[in-house]
Amino acid sequence: STQSTWGTLKRVLTAKEKAKVDQREAKRKSAGEPLKKTSSKKRDKVKKKKPVPTKRNVQKWGQRAKSRSLEAPLAEQLSTGNGRILARISSSPGQVGRADGYLLEGAELDFYSKKLEKKKKK
């Protein structure tokens, strides 16, 4: 017993329209989809499969990792294990609640780290 969507419509469907609805229901049933439309919250709960990286992508990432290096102060921040990396918010505050920013590197990182050390000493 399949659930019918044309029982819920307010107007009377023609034979062509009924056939289209039946075809849609048959496609959904064969694909394993629910016959009734689910809300977006329910769809979000359904786990989607994560894409598996291809061999070529893994090879590219390996080659890039060989040539990649971190600056010493930035690596020091990561290795201390306190979970803090100095960053700066670059977007101006707004109504949306979104903040864009970037990690501090080079002279800027030195400047702010010295400033924080002075503040801690006081």
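Buried residues (under 20% relative accessible area, with a 1.4 Å probe and protein chains only) make up 7% of the 122 residues in the chain. The structure is a predicted model, in which local features need pLDDT of at least 70 and side-chain atom pairs count only at pLDDT 80 or more, while totals for chains, interfaces and linings use all residues. Residues are numbered from 1 along each chain as its sequence is written, and side-chain values use heavy atoms, with hydrogens and water left out.

**Secondary structure**

- The chain has 5 helices and 2 strands, which are DSSP runs numbered from the N terminus (helices: H or I, at least four residues; strands: E, at least two).
- Read from the N terminus, the order of elements is α-α-α-α-β-β-α.

**Largest pocket**

- A pocket is an open set of points on a 1 Å grid over the protein atoms alone, where a 1.4 Å probe fits and protein lies on both sides within 12 Å along at least five of seven lines; its lining residues have an atom within 4 Å of a point.
- The largest pocket holds about 470 Å³ of space, a volume being the space filled by probe spheres set on the points, which are joined across faces, edges and corners.
- Its lining consists of 14 residues, and Q77, L86, S113, L116 and K120 lie nearest the centre.
- The elements that give two or more residues to this lining are α4 (72–80) and α5 (106–121); α5 gives the most, with 6 residues.
- By class, the lining has 5 nonpolar, 4 polar and 5 charged residues, where Ala, Val, Leu, Ile, Met, Phe, Trp, Tyr, Cys and Pro count as nonpolar, Asp, Glu, Lys and Arg as charged, and the others, Gly among them, as polar.

**Nonpolar surface patch**

- L70, L78, I85 and L103 form a nonpolar patch on the surface, with about 350 Å² of accessible area together (Shrake-Rupley method, 1.4 Å probe; for residues, only the protein chains shown count as cover).
- Patch residues have over 30% relative accessible area and no salt bridge, and nonpolar side chains (Val, Leu, Ile, Met, Phe, Trp, Tyr) are joined within 5 Å.
- L103 belongs to strand β2 (residues 101–103).
- With a relative accessible area of 44%, L103 is partly exposed, a term for values between buried and exposed, the latter being over 50%.

**Salt bridges**

- The structure holds 2 salt bridges, each a side-chain nitrogen of Lys or Arg within 4 Å of a carboxyl oxygen of Asp or Glu.
- R88 pairs with E108, their closest N and O atoms being 3.7 Å apart.
- This pair links distant parts of the chain, as R88 is in strand β1 (residues 87–89) and E108 in helix α5, 20 residues apart.
- R88 is partly exposed at 38% relative accessible area, and E108 is partly exposed at 26%.
- R98 and D100 meet through their side chains at 3.1 Å, N to O.
- R98 is exposed at 63% relative accessibility, whereas D100 is partly exposed at 34%.

Definitions and conventions. Patch = residues over 30% accessible without salt bridge, like charges linked within 9 Å, V, L, I, M, F, W, Y side chains within 5 Å.
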